[in-house]
Amino acid sequence: MFRRHGVRALFLAAVTAGAVGFSTLCSAEEVKIGFLVKQPEEPWFQTEWAFAEKAGKEHGFTVLKIAVPDGEKTLAAIDSLAANGAKGFVICPPDVALGPAIVAKARLNDLKVMAVDDRFVDAKGEFMEEVPYLGMAAFEVGQKQGAAMAEEAKKRGWDWNETYAVINTYNELDTGKRRTDGSVDALKKAGFPEDHILFTAQKTLDVPGSMDATNSALVKLPRGAKNLIIGGMNDNTVLGGVRATESAGFKPENVIGIGINGTDAIGELKKPNSGFFGSMLPSPHIEGYETARMMFEWVTTGKEPPKYTAMDEVTLITRENFQQELEKIGLWN
């Protein structure tokens, strides 16, 4: 009798131990999320990746980093994530129009998806508001850019009657339009004459494209134009504009160009003197960390991220502080 009870006790102990072991194994299962970016060679995205990994170390999950420079690689990457046991992913797509295809592929693989930096659009060009998104508050950041340009002009004692603004636009991209609209709004609020603002459309979003656009505006300036403000949706659109003013004979002290992004302006800010005054540096470190953390919470607790999280934290970096500010977030090299 004693022997039967002993065997039974041993059996129950073994079952209990097995159950505890199985439970521990399940609770210790590795949580993986993907973080897909369109231009991994860019410092901006490298910083997002680095801080996504920091979130992973602090909260206990693994970040699978994948470059997705085009649509084909994007869809293949989603399949790869599923095959590797990921539960969801954060993505800055190579083309926002891929939104419907990305969502469909994610659903097919039972993956949650969140957009960062660039928001998905549907077949009609409308934002896919059902997909959680975290990115810059474009209009508000543009306002800060315009206010910074106006403030610097006032510090230099510029007469508005002798000052003109050339705004390089790219209205095909909603984010770009919102930024330049915000910038112009701030200039007007600062008292800048509306009829001294020249808009010029870019054909390409790069330095040569903005040079061409600015050149087409400079020939329209009246003879009394002494000082110039150069605006655009990012660093490159302003850098090209500044190059055009140099070719037209404007001295650096008579030009104020302020970009947005900071990462493409480092080389220019290292120069001792230039019409490129500074850039509005956003927070790629916060965006990388927060989107990764939000995705982790979503896949482990079911707490879905907000449909839209606007980031309007930007810092004006100039020759005086750019190294210090870039070092803070790991973008200095």
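Buried here means under 20% relative accessible area, with exposed being over 50% and partly exposed in between (1.4 Å probe, protein chains only). Strands are DSSP runs of E with at least two residues, helices are runs of H or I with at least four, and both are numbered from the N terminus. Keep in mind that this is a predicted model: local features need pLDDT of at least 70, side-chain atom pairs count only at pLDDT 80 or more, and totals for chains, interfaces and linings use all residues. Residues are numbered from 1 along each chain as its sequence is written, and side-chain values use heavy atoms, with hydrogens and water left out.

What does β3 pair with? Strand β1 (residues 32–37) pairs with β3 in the parallel sense over four bridges, and strand β4 (residues 112–116) also pairs with β3 in the parallel sense over four bridges. Two strands count as paired if DSSP finds at least two bridges between them.

## Ring pairs

How many aromatic pairs are there? The count comes to three, where rings of Phe, Tyr and Trp (its six-membered ring) pair if their centres lie within 6.5 Å, and planes under 30 degrees apart count as stacked, over 60 as edge-to-face and the rest as tilted. One of them is the stacked pair of Phe-61 and Phe-296, 4.8 Å centre to centre with 20° between the planes. This pair links distant parts of the chain: Phe-61 is in the loop between α2 (43–59) and β2 (62–67), and Phe-296 is in helix α10 (residues 284–301), 235 residues apart. Both Phe-61 and Phe-296 are buried.

Trp-160 and Phe-192 have ring centres 5.0 Å apart and planes at 70°, so that pair is edge-to-face. Trp-160 lies in the loop between α5 (138–155) and β6 (163–169) and Phe-192 in the loop between α6 (174–189) and β7 (197–201), so the pair ties together parts 32 residues apart in sequence. Trp-160 counts as buried at 17% relative accessibility, and Phe-192 is buried at 4%.

## Two arginines

Arg-119 lies over the face of Phe-127, at 5.2 Å from the ring centre, and over the face of Tyr-308, at 5.0 Å from the ring centre. The rule asks for NZ of Lys or CZ of Arg within 6 Å of the ring centre and within 35 degrees of the ring normal.

Arg-179 is in helix α6 and is buried, with a relative accessible area of 7%.
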